[in-house]
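Please look through the sequence and the model displayed below before reading on. The report that follows takes up a few features, one heading at a time.

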Amino acid sequence: MTDRSPRLLPWTAPGGQPCYLVTDDDGGFLSRYADEVEALQLGMGLGLLEHARVLIDDPAADARQLRFLSVQLSAALRDAVRVARARGAGVSAQVE
């Protein structure tokens, strides 16, 4: 058995604690599922950025809409940072 580093998964445990996977099978079910979740999170973040461009340019957008947008953008950024950390991008900030 080779010594493998734990993989940070793209979701958290109850209470917000990080989840890790240690396996020798990069093609296993849980690894593939984590890859799919990461791709979904990043895709949703890109879609949210496009929506943000439209909403920010809309002079009729009200504070409630912009506040909701900021909450969603914050969650998408948190997910993107977690994915970057999981992929070894050297992001040292703690993701909560």
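Is Asp35 exposed, partly exposed or buried? In this predicted model, Asp35 is partly exposed, with a relative accessible area of 37%.

The side chain of Asp35 meets that of Arg7 in a salt bridge, with a distance of 2.7 Å from N to O. The two partners come from distant parts of the chain, since Asp35 belongs to helix H1 while Arg7 belongs to strand E1, which covers residues 7-12, and 28 residues separate them. Arg7, with a relative accessibility of 19%, counts as buried, because the cut-off for a buried residue is under 20% relative accessible area.

Another salt bridge joins the side chains of Glu38 and Arg87, at 3.1 Å from N to O. Glu38 lies in helix H1 and Arg87 lies in the segment after H2, so this pair ties together parts of the chain that are 49 residues apart in sequence. With a relative accessibility of 2%, Glu38 counts as buried, whereas Arg87, at 53%, counts as exposed.

The residues described so far also belong together, in that Arg7, Asp35, Glu38 and Arg87 are linked in a network of salt bridges.

## A pair of neighbours in sequence

The structure holds six salt bridges, and one of them is formed by Arg78 and Asp79, whose closest N and O atoms are 3.5 Å apart. Here Arg78 is partly exposed, with a relative accessible area of 33%, while Asp79 has a relative accessibility of 14% and counts as buried.

## The nonpolar core

Which residues make up the largest nonpolar core? This core has six residues, namely Leu48, Ala52, Leu55, Ala61, Leu69 and Ala76. Two elements, helix H1 (29-57) and helix H2 (63-86), each give two or more residues to this core, and H1 gives the most, with three residues. As a general background to such a grouping, nonpolar side chains in soluble globular proteins tend to be buried together.

Notes: Residues are numbered from 1 along each chain as its sequence is written. This is a predicted model: local features need pLDDT of at least 70, side-chain atom pairs count only at pLDDT 80 or more; totals for chains, interfaces and linings use all residues. Side-chain values use heavy atoms; hydrogens and water are left out. A nonpolar core is a set of buried Ala, Val, Leu, Ile, Met, Phe, Trp, Tyr and Cys residues joined through side-chain atoms within 4.5 Å. Buried means under 20% relative accessible area, exposed over 50%, partly exposed in between (1.4 Å probe, protein chains only). Helices (H or I, at least four residues) and strands (E, at least two) are DSSP runs, numbered from the N terminus. A salt bridge is a side-chain nitrogen of Lys or Arg within 4 Å of a carboxyl oxygen of Asp or Glu.
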